[in-house]
Amino acid sequence: MTWYQQNRRDLPWRGESSPYRVWVSEVLLQQTQVATVVPYYQRFMERFPTVADVSAAPLADVLKMWEGLGYYARARYLHQAAMEIVTQYGGQLPNTYAELRRLPGFGEYTAGAVASIAFGEAVAAIDGNVKRVLSRLFAIQTSVTRQLKQIARELVEQASCLLSLDRQDACPTSPGDWNQALIELGALVCLPKTPRCATCPLNELCQAHQQGLEHVLPLKPVKKKLPHYDVSAAVICQAGQYLIAQRPLKGMLGGLWEFPGGKQESGETLSECLQREIREELGLTIEVEQPIISIKHSYTHFKITLHAFYCHLTEPQTPQTLQVADWQWVTLADMANFAFPRTDLKIIAALQQRD
DNA sequence: GAAGCGTGGAC
DNA sequence: TGTCCAAGCTT
């Protein structure tokens, strides 16, 4: 706790805070690095200062604030939870782990983090940092999940009891500070690849370090290679406007807008692929023209090369919502009002260069 | 318990 | 260029 007090980073969601701000920061930080989150957090708080502001906004506005961040289900769950908090709890976050855990997007970690940091409840908050710190501190190699939960629970309970008996020192005393101290130690000292054991306040207690296992623990599962696909995207122009489509709400990039297209099947040219996809998704017949840009991109479970082509309708036609949530004709300038995945933002940038 | 879900930075 | 992996959650 002394180390944490002296080494904690000054982050926008620390200091003058509120349960809402803690919650938003925790959701943004899920699987996302602090440096990436900071500007998103600032913009999100300006646009949605309170829970009521999020709950009153259309999902499209929340997704727009999430644009480029990834794991877009987080934005949907945050929006859903905000609406529940307004209707069920009068706009105030429930103040216990058990109640928070029932809300969309509140898993064990996030419920534990908000309950401990915002409300002082003595519950554990086990993220990737804490897993790494505790795995090394206790040299845990098997039955990881059960042991870690047990240890983290005992630690936060004991820490809050001990510290409350000993208030004459200036150390932080809350379970929230305890949990954040473990996280901060993992983020700044107990690093995944090159742990800084020489400067670690726990190095003499750390069983992994004593046994020379700090580079081995925690044990990592073997990962398989990501498959690669060629994907095509149609930039369909008509009278200075472009056709964009909204992806289905559930699943990959749910609710985001894109230039329609899809995966190339074997024995198919990119041109044929586009014509098939646009017919299947929107019921349109197109002609494919010149290529615009090809983009390499890696997702969580596969890699793609995305090939964008100028296209036009063979005759006047109205799109149908066969496999898309919605569609819209928009100008280049209008596109700023829709949330796009990274790859499509690159296509838009290419279009602007030609414009 | 495992799979699906984004993106960017570090190395 | 490739790989790892980050303040995880839902199904």
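**Salt bridges in a predicted model**

Ten salt bridges are counted in this predicted model, a salt bridge being a side-chain nitrogen of Lys or Arg within 4 Å of a carboxyl oxygen of Asp or Glu. The model is predicted, so local features need pLDDT of at least 70 and side-chain atom pairs count only at pLDDT 80 or more, while totals for chains, interfaces and linings use all residues. Residues are numbered from 1 along each chain as its sequence is written, chains are lettered from A and ligands numbered from 1 in the order in which they are written, and side-chain values use heavy atoms, with hydrogens and water left out.

Reader: Is E67, which forms a salt bridge with K64, buried or exposed?

Author: The closest N and O atoms of E67 and K64 are 2.9 Å apart. Buried means under 20% relative accessible area, exposed over 50%, and partly exposed in between, with a 1.4 Å probe and protein chains only. K64 counts as partly exposed at 25%, whereas E67, at a relative accessible area of 16%, is buried.

Reader: How many residues apart in sequence are the parts that E108 and K149 tie together?

Author: E108 and K149 form a salt bridge, with their closest N and O atoms 3.3 Å apart. E108 lies in helix α8 (residues 108–119) and K149 in helix α10 (residues 144–165), so the parts tied together are separated in sequence by 41 residues. Helices here are DSSP runs (H or I, at least four residues), numbered from the N terminus.

Reader: Which residues are linked in a network of salt bridges with R276?

Author: The side chain of R276 meets that of E265 in a salt bridge of 3.8 Å, N to O. The network of salt bridges links R276 with E265, E268, E277 and E280.

Terms used:
Helix = DSSP H or I, 4+ residues; strand = E, 2+ residues; numbered from the N terminus.
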